[in-house]
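Subject: Handing over a structure

Hello,

Here is the structure I promised to pass on to you. Please have a look at it first, and then read my notes below.

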Amino acid sequence: KTTDTARLFFAQRVPLPILRYTLPGDGAKRVVETGSAPLLLNFWSSTCLPCIAELHDLSEHEDELRGSGLNVLALSLDGLAEQTSASDAQSLLDKLDFPFETGFATSQALDKIELVQEMLFSRRRPFVVPISLLLDRQGRLAAIYRGPVQPKVVVRDVLNLETKPGFWKDLSVPFPGRWASQPGGVH
């Protein structure tokens, strides 16, 4: 059986294009920025049961996530399709008492993320939620989590952001071993 759930930690950090989002009740576009801390950029929808469970899990582990120095920005896809609206997303967030920053993804941001994935994996993958991106302090892509991500995995990866780049390559593979050659960089 195959699954679309995966954790992809990169041996080389990937620069991202500018991603924009809107705030609840505000049509003005904002830019996704990390500031001086790593950022978990989480994409979700109110019609997605794994997304709801993931948001609940993130809320339950707020102390550990914040304690690792991580900021979280949860961007809803509600309102981009006719089946959902921004009010559906806001109602769910209020019900969960979600403690992190929230907003709404733009279709342009989703298109850019799809292009980044196509560049990285040499194939076009549909944008499915939940999906989260871990950005380092400089706003570079360090990991992609397809499907729900466990907060303990994110905390571990955040701690590994500050390790030496030579260690990142070992984190980028799902099993131990020896490298026959150094992995190439992103050009």
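A residue is called buried when its relative accessible area is under 20%. Phe100 has a relative accessible area of 7%, so this residue is buried. Please keep in mind that this is a predicted model.

Phe100 also has an aromatic partner. With Phe98, Phe100 forms an edge-to-face pair, with 5.6 Å from centre to centre and 65 degrees between the planes. Phe98 is buried as well, because its relative accessible area of 11% is under the cut-off. Across the whole structure, the search finds 2 aromatic pairs. Another ring to look at is that of Phe121: Arg146 lies over its face, 5.0 Å from the ring centre.

Now to the sheet. The model has an open sheet of 8 strands with mixed pairing, and the order to follow on your screen is β1-β8-β7-β4-β5-β6-β2-β3. At its edges are β1 (6–14) and β3 (29–31), each of which pairs on one side only. On average, neighbouring strands are turned by 30 degrees against each other, with direction ignored.

How much of α5 is buried? Among the buried residues are four valines, Val153, Val154, Val155 and Val158. Pro151, Asp157 and Asn160 are on the buried list too.

Last, the cysteines. Which residue does a disulfide join to Cys48? The partner is Cys51, with 2.4 Å from S to S. The count for the model comes to 1 disulfide. This link is right-handed, with 80 degrees about the S-S bond of Cys48 and Cys51. Are these two cysteines buried or exposed? Cys48 counts as buried because its relative accessibility is 10%, and Cys51 counts as buried at 0%.

Enjoy exploring, and do write back if you have any questions.

Best wishes

Methods. Residues are numbered from 1 along each chain as its sequence is written. This is a predicted model: local features need pLDDT of at least 70, side-chain atom pairs count only at pLDDT 80 or more; totals for chains, interfaces and linings use all residues. Side-chain values use heavy atoms; hydrogens and water are left out. Buried means under 20% relative accessible area, exposed over 50%, partly exposed in between (1.4 Å probe, protein chains only). Helices (H or I, at least four residues) and strands (E, at least two) are DSSP runs, numbered from the N terminus. A disulfide is a pair of cysteine sulfur atoms within 2.5 Å. Two strands pair if DSSP finds at least two bridges between them. Axes are lines fitted to C-alpha atoms, for helices over the stretch in contact, and angles run from 0 to 180 degrees between N-to-C directions. Rings of Phe, Tyr and Trp (its six-membered ring) pair if their centres lie within 6.5 Å; planes under 30 degrees apart count as stacked, over 60 as edge-to-face and the rest as tilted. A charge sits over a ring if NZ of Lys or CZ of Arg is within 6 Å of the ring centre and within 35 degrees of the ring normal.
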